[in-house]
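Subject: Handing over a structure

Dear colleague,

I am passing on the structure below, and my notes on it follow directly after. Please read them with the model open beside you.

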Amino acid sequence: MYDPILLAEQTEALVIHGRARRYYRLARGGRWYGGIATADCCGCPLRCSFCWSGKPRDNPDRVGKFYQPEEVFRALSSCARKKGYRQLRLSGNEPTLGKEHLLAVLGLVDESHYHFILETSGILIDEEYARELAGFRNLHVRVSLKGTNPQEFSLLTGALPEVFSLQLTALRNLTEAGVSCHPAVMLSFSPKDSFRALKDELNKISPHLTDEIEEEYIFLYPHVEGRLIKSGLKPLIAYSPDGIPKELV
Ligand code: SF4
């Protein structure tokens, strides 16, 4: 079992260089959120068994190259302009690694008419990080919970179970700092009563989190299926990539 906070430090050493961050793709369009321009970064402090990122997650220093925040924003906004999108995001791995880089990208987004969706596991969002994110008006944070409780979190990520609480703490910190946010939760492996218990926990932080909870399920891309077979995990609910229900896009 690994400590994601330690892995975050080790990964940052590989993918962050001053204000620059390593990316493996700048930038692509996508149908998610009704259309969004996406830049794919390298490096994540988690090892989810349903992850679709391969080499950029496991060998982040051997793929892609470093880009300054200005280059990332330029690529994102150019992609969005061509496709007629209003939204931008960083994806592929964990965008909150390299805080200085992320905050600089968000600063550029804030000077534009674009809206930024920050997709994160939240484990690095402490009180100070949340207060800094509160300075951006064009930002919404989606915290993706890996399961519904510490045991599921550990089963799905292979990480120390207590780190699950950092995901809930991130939602608390963001809510208290006044950052627009909502939780998404991977439910492919969760019995219904665990989901109910999670909703109670979220409700204690703020009722808006329960109201806005987003359900996430596994999409069975070939390499995701490979990882699941290797881990021995069997999803209760999963979808093939060409059979994703409209409400999950
Ligand atoms: S947090 Fe996302 S990128 Fe990181 S291992 Fe999990 S699914 Fe992959």
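Helices (H or I, at least four residues) and strands (E, at least two) are DSSP runs in these notes, and they are numbered from the N terminus. Residues are numbered from 1 along each chain as its sequence is written. Please keep in mind that this is a predicted model, in which local features need pLDDT of at least 70 and side-chain atom pairs count only at pLDDT 80 or more, while totals for chains, interfaces and linings use all residues.

The loop between β2 (20–28) and β3 (37–41) holds Y33, a residue that has a positive phi of about 55° although it is not a glycine. Burial is judged by counting the other C-beta atoms, placed from the backbone, within 10 Å of a residue's own: 20 or more make it buried, 12 or fewer make it exposed, and anything in between makes it partly exposed. Y33 has 17 C-beta neighbours inside 10 Å and therefore counts as partly exposed.

Of the 249 residues, 39% count as buried. Two residues are in contact if their C-beta atoms, placed from the backbone, lie within 7 Å, and among contacts with a separation of 6 or more, 74% join residues 24 or more positions apart.

Helix α3 (residues 69–83) has 15 residues and reaches 21 Å from its first C-alpha to its last, close to the 21 Å expected at 1.5 Å a residue, where the expected span is 1.5 Å times one less than the number of residues. Its buried residues are P69, V72, F73, L76, C79 and A80. They lie on the same side of α3, because they cover an arc of only 135° around the axis, the arc being that of the directions from the helix axis to the C-beta atoms. The elements that cover these buried residues include β2, β3, β4 (65–67), β5 (87–91) and α4 (99–110), whereas the face turned away from the buried side carries the exposed residues E70, R81 and K82. After α3 comes G84, with a positive phi near 80°.

In helix α6 (residues 150–157), the buried residues are E152, F153, L156 and T157. They cover an arc of only 110° around the axis, so they too sit on the same side of α6. Their cover includes α7 (164–177), β8 (181–186) and α8 (192–205). Helix α10 (residues 222–231) lies largely in the open, because the number buried among its 10 residues is one.

G122, in the loop between β6 (115–120) and α5 (127–133), counts as buried because it has 28 C-beta neighbours inside 10 Å. Leaving out residues up to four places away in sequence, G122 touches V143, L166, Q167, A170 and L171.

Finally, the ligand is surrounded by C44, L46, R47, C48, C51, S53, R57, N93, E94 and S121, a residue being near a molecule if its C-beta atom, placed from the backbone, lies within 6 Å of it.

With best wishes
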